[in-house]
Amino acid sequence: MRLAPDSQVTPQDLERGERALVKDAAWASMVGALYSGVILVGFALELGATPLHIGVLAAIPFLAQVAQLPGIALIEKLGQRRKIAVVSVGISRLMIGALALLVLVPEKATALQLLLLAQVLITLFGSVAGCSFNSWLHQLLASQGLGALFSRRLFWSTVAASAGAFAAGYAVQHWPGDDRLHAYALSFVAAGAVGFISVYYLSLVPEPVMVRTGPRTPLSELVRAPLVDARFRRVVVFMASWNFASNLAAPFLTVYLLQQLGYGMGTVTTLWISSQLANALTMYLWGRLSDRLSNKAILAVALPAYFGGLVALPFCALPHVHTLTLPLLYFIHVVMGAASGGIALATGNLGLKLAPQGRGTSYLAVVSLAGALASGVAAMTGGAAADFFASRELSVFVHLTSASAAHEVTVMSFRHWEFLFGLSFVCGAYVLHALSRINEGVEHSERRVIQEFVAEASRSLSQLSPIDGLKDALVFPLGRLRDRRLRSR
């Protein structure tokens with residue numbers, strides 16, 4: 001396995017590297033599905049985690065991004081980004097597999113503390129690897145055509161992650177023994193093993209010799225440069241606000257579904273999978289739009305859809321969980337999953353596009369660090385706020401009276417975790433304001449994005465289905481939405 005930089009990267013090497021990047025992303029996403037997210041939260045709850053523990057657990061990966069600062073210095077000193085990334089990721093994956101040993105700890109409280117400590121170490125190494133990987137990718141890939149490559153990466157990532165999450169969720173819910181902790185242990189071992197397949201493909205991606213635009217720059221200056229760049233500083237502010245608003249509630253969605261609504265791990269996992277599948281199925285469309293239009297225009301459409309879905313969650317169980325609650329949850333997860341795909345693609349491309357060539361390491365590290373710190377603060381704030389809102393409820397009723405009877409209809413009700421969804425929605429208004437201040441170049445309206453999205457969906461359906469009636473039935477609602485918007489303007 002050769003990890004030193006390549007003196008020359010040919011077009012054939014680049015093509016092979018892009019295929020390896022897609023495979024690495026797919027296997028790495030399966031690691032995340034088997035180890036983090038729904039599975040990690042469920043494991044922590046089995047160990048007796050409180051809302052604050054869940055908030056801290058969610059905050060650790062973000063706060064660990066501070067390791068990108070020494071990571072920048074290490075990259076600038078060694079100039080071997082592939083070696084740094086592969087070694088750091090390898091150590092992280094080894095520790096993920098070792099999480100299975102926590103089931104042998106007799107005291108659950110002790111095991112929970114060790115889980116938090118392990119999460120710190122895993123994410124610190126992952127942060128250094130991510131910093132190196134971003135700089136490496138920024139130099140390797142051209143600024144044009146990123147949408148198609150990243151859409152393929154995200155598509156296969158979500159497919160692999162869905163398969164891993166389904167297997168892990170099914171194993172936990174249907175574990176034959178009494179102690180479900182062993183099911184989680186099996187999932188962690190599988191995550192560690194799959195992780196080394198990802199490391200192998202990562203090592204196959206070519207690394208050009210690192211470009212230096214001048215003499216070695218002090219770390220303080222590297223961090224300062226993106227912040228004094230007025231154009232890029234707006235990207236930093238936007239990423240920080242988006243990460244704060246989304247992570248104020250997102251880490252606790254699993255807990256909300258498990259504890260407040262009372263669904264099982266298998267059902268919660270399928271909800272997550274529906275979101276990921278919607279993400280994957282729309283990723284190709286978002287990728288083509290990203291190459292044709294601006295990332296800012298895509299975000300102007302996807303962000304309101306995401307926050308709208310988030311604030312709609314509490315209304316699914318009014319006045320309590322009913323027959324339609326689960327179908328509505330699936331629908332909301334599909335909408336949020338599709339929107340998340342556009343947001344992930346556009347935010348990733350935005351930093352790569354606006355960071356100056358030769359200075360990608362510090363610029364991308366700073367924007368990642370700002371978003372990570374905001375996410376960590378938001379997750380811990382959400383965990384602390386959940387305790388405060390645990391015994392509080394806000395309800396709005398419509399009172400109807402007549403000569404013979406009186407009726408009350410619940411219009412809105414927020415309890416416990418649902419307050420976090422409302423707060424996240426409110427913060428989303430500032431996210432849209434921060435987005436409006438970014439200058440990406442040519443501006444495109446939200447109407448143009450919706451028109452292009454409908455057109456791409458229509459073309460994709462035309463290629464997938466020869467049944468004209470089916471195509472018309474599927475495209476009709478989107479077409480009507482587009483026509484109504486055109487007439488209104």
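**Aromatic pairs, nonpolar cores and helix packing**

Phe-389 is buried, at a relative accessible area of 14%; here buried means under 20%, exposed over 50% and partly exposed in between, with a 1.4 Å probe and protein chains only. The model is predicted: local features need pLDDT of at least 70, side-chain atom pairs count only at pLDDT 80 or more, and totals for chains, interfaces and linings use all residues. Residues are numbered from 1 along each chain as its sequence is written, and side-chain values use heavy atoms, with hydrogens and water left out.

Aromatic pairs were considered next. Rings of Phe, Tyr and Trp (its six-membered ring) pair if their centres lie within 6.5 Å; planes under 30 degrees apart count as stacked, over 60 as edge-to-face and the rest as tilted. The count comes to twelve aromatic pairs. Phe-43 and Tyr-184 form a tilted pair, with 5.6 Å between centres and 55° between planes. This pair links distant parts of the chain. Phe-43 lies in helix α2 (residues 38-46) and Tyr-184 in helix α8 (residues 181-203), 141 residues apart. Helices are DSSP runs (H or I, at least four residues), numbered from the N terminus. Phe-43 is buried at 0% relative accessibility. Tyr-184 is buried at 2%. The rings of Phe-388 and Phe-389 have centres 5.2 Å apart and planes at 70°, so this pair is edge-to-face. Phe-388 is partly exposed at 45% relative accessibility. Ring pairs also link Phe-43, Tyr-184 and Phe-188 into a cluster.

The largest nonpolar core has 120 residues. Phe-43, Leu-115, Phe-238 and Leu-303 have the most contacts inside this core. Helix α6 (residues 108-140) gives the most to the core, with eleven residues. Apart from this core lies another, of eight residues, among them Ala-67, Ile-84, Cys-131 and Ala-365. Contact means heavy atoms within 4.5 Å. Leaving out residues up to four places away in sequence, Phe-43 touches Leu-102, Val-103, Leu-115, Leu-181, Tyr-184 and Phe-188.

The packing of α2 on α6 was then described. Their axes are 9 Å apart, at an angle of about 150°. Axes are lines fitted to C-alpha atoms, for helices over the stretch in contact, and angles run from 0 to 180 degrees between N-to-C directions. The two helices are therefore roughly antiparallel (over 145 degrees; under 35 counts as roughly parallel, 65 to 115 as roughly perpendicular and the rest as oblique). Leu-40, Phe-43, Ala-44 and Glu-46 in α2 meet Lys-108, Leu-112, Leu-115 and Gln-119 in α6. By class, this contact has five nonpolar, one polar and two charged residues. Ala, Val, Leu, Ile, Met, Phe, Trp, Tyr, Cys and Pro count as nonpolar, Asp, Glu, Lys and Arg as charged, and the others, Gly among them, as polar.

Two further helix positions were examined. Ser-127 is found in helix α6. Ser-127 is buried, at 1% relative accessible area. Beyond four places in sequence, Ser-127 touches Ala-64, Gln-65, Ala-67 and Gln-68. Arg-152 is in helix α7 (residues 146-173). Arg-152 is partly exposed, at 37%. Leaving aside neighbours within four places in sequence, Arg-152 is in contact with Glu-18 and Val-22. Arg-152 and Lys-23 are 129 residues apart in sequence and 9.7 Å apart in space, C-alpha to C-alpha.

Terms used
Core = buried A, V, L, I, M, F, W, Y, C linked by side-chain atoms within 4.5 Å.
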